[in-house]
Amino acid sequence: MTLLDTYEHTLIPTFAVPPRVMVKGEGAYLWDADGTRYLDLLAGIACVGLGHANPLIAQVIAEQAATLGHVSNLFATPTQIHLAERLTGLLGHRARVFFTNSGTEANEAGFKLTRLTGRTKVVAAEGSFHGRTMGALALTWTEKYRRPFEPLPGEVVFVPYGDAAALEAAVDNETAAILLEPIQGENGVIVPPDGYLQAARAIADKHGALLWLDEVQSGMGRTGAWFAHTHEGIVPDIVTLAKALGNGFPIGAVLATGEAATLFTPGSHGTTFGGNALACRVGLAVIEQMEPLLPQIRATGEWLMGELSALAGVASVRGRGLFIGVVLEDPVAQVLAAKALDKGIILNAPRPDVIRLVPPLIVTQQDLALLLEAWPTLWKEALHG
Ligand SMILES: *Cc1c(COP(=O)(O)O)cnc(C)c1O
């Protein structure tokens, strides 16, 4: 029995059996059980921004675990309070925070918060992904994820993403919130037209609805800014975060600004683990280390997008910072990713014709040259199946 045979017989098959067992990481690289090295351009799905086995993160985890890990929300800890201060400070506008353990839990909390407006309708986008728990699933567009679990909490209306007129037509005075990803991740890194979030802000204001941005994937440095929406100069009412906030350690957060920050009151929502001292210590260390990296993330992303555009088989490249979708001329992304894995490069294919690049944010041009050099061969091989 190999380890993967055991995997197959012991794990509930919600995921396909993975192609490799990974045993070690360092920076932008992973090693499998056979000792093969991989350049990781997926980073645990946009989570491990500061790199695998980051020594400073490992150190704070060890120190905090040896000091105080968990006391429940019946008590406060300094790390929780300090992270709350730091994170709300990044957003400003009298923001407050509720901590969770994941993105889907952050969205679940966000969804409950919208109900406290006294309205129930939420307008979300086609192609959206917000998570897999019942509430987050109700907000997720993908039919095949939703259908087997219906009835889900209503009333969610989906409109084409990036289309301000469609949003305007769907939002009314019964609408509790507009929910959007500033850049859609699971849908293949879709960047909406400039001005879309500003339009969404204006539409929400006109109808007294909340503007809720799911920055679980796009936030915490991925685009070279703390939040992808900063680019449009707007202030959302709710922002949900997770992924890169923990560098792989489970933590999520709901930030609410202004009036939205006053909707939850004692007893409205809760969590046992959320906001524990250990997770919050990691969040703090992530913010400290990420801050000086932001300009470099933008520069590396711009350079990489330029290089990718010139490659064989690339129809177009879209994204911001190190949140990049490579659109292929043929729908061979799945095969290309499999060929890349065999050559020691981890790629992800969220759509048949799209390769998503969400590498560790510390990745260098030298690391990325491995992909650029391998690409012509990968493309040729992918075309031949
Ligand atoms: C990953 C993701 C989620 C779900 O987060 P989990 O931590 O997997 O629960 C929600 N929204 C977006 C935009 C995501 O990318």
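Strands β2 and β3 form a hairpin with four residues between them (strands being DSSP runs of E with at least two residues, and helices DSSP runs of H or I with at least four, numbered from the N terminus). In the turn, glycine 35 has a positive phi of about 90°. The model is predicted: local features need pLDDT of at least 70, side-chain atom pairs count only at pLDDT 80 or more, and totals for chains, interfaces and linings use all residues. Residues are numbered from 1 along each chain as its sequence is written, and side-chain values use heavy atoms, without hydrogens and water.

β2 (residues 29–32) and β3 (residues 37–40) run antiparallel and are joined by three bridges; two strands pair if DSSP finds at least two bridges between them. Within this pairing, tyrosine 29 stands opposite leucine 39. β3 is also joined by two bridges to strand β13 (residues 345–346), and these two run parallel. Here leucine 39 stands opposite isoleucine 345.

Another part of the model is an open sheet of four strands, with antiparallel pairing in the order β11-β12-β15-β14. Because β11 (314–320) and β14 (348–351) stand at the edges with a single partner strand each, one side of each is left without a neighbour in the sheet. On average, neighbouring strands of this sheet are turned by 30° against each other, direction ignored (axes are lines fitted to C-alpha atoms, for helices over the stretch in contact, and angles run from 0 to 180 degrees between N-to-C directions).

β14 pairs with β15 (residues 354–357) over two antiparallel bridges, and asparagine 348 has arginine 356 in β15 as its bridge partner. Helix α13 (residues 365–383) packs on the sheet and touches β11, β12 (323–328) and β15, where contact means heavy atoms within 4.5 Å. The direction of α13 makes about 25° with that of β12.
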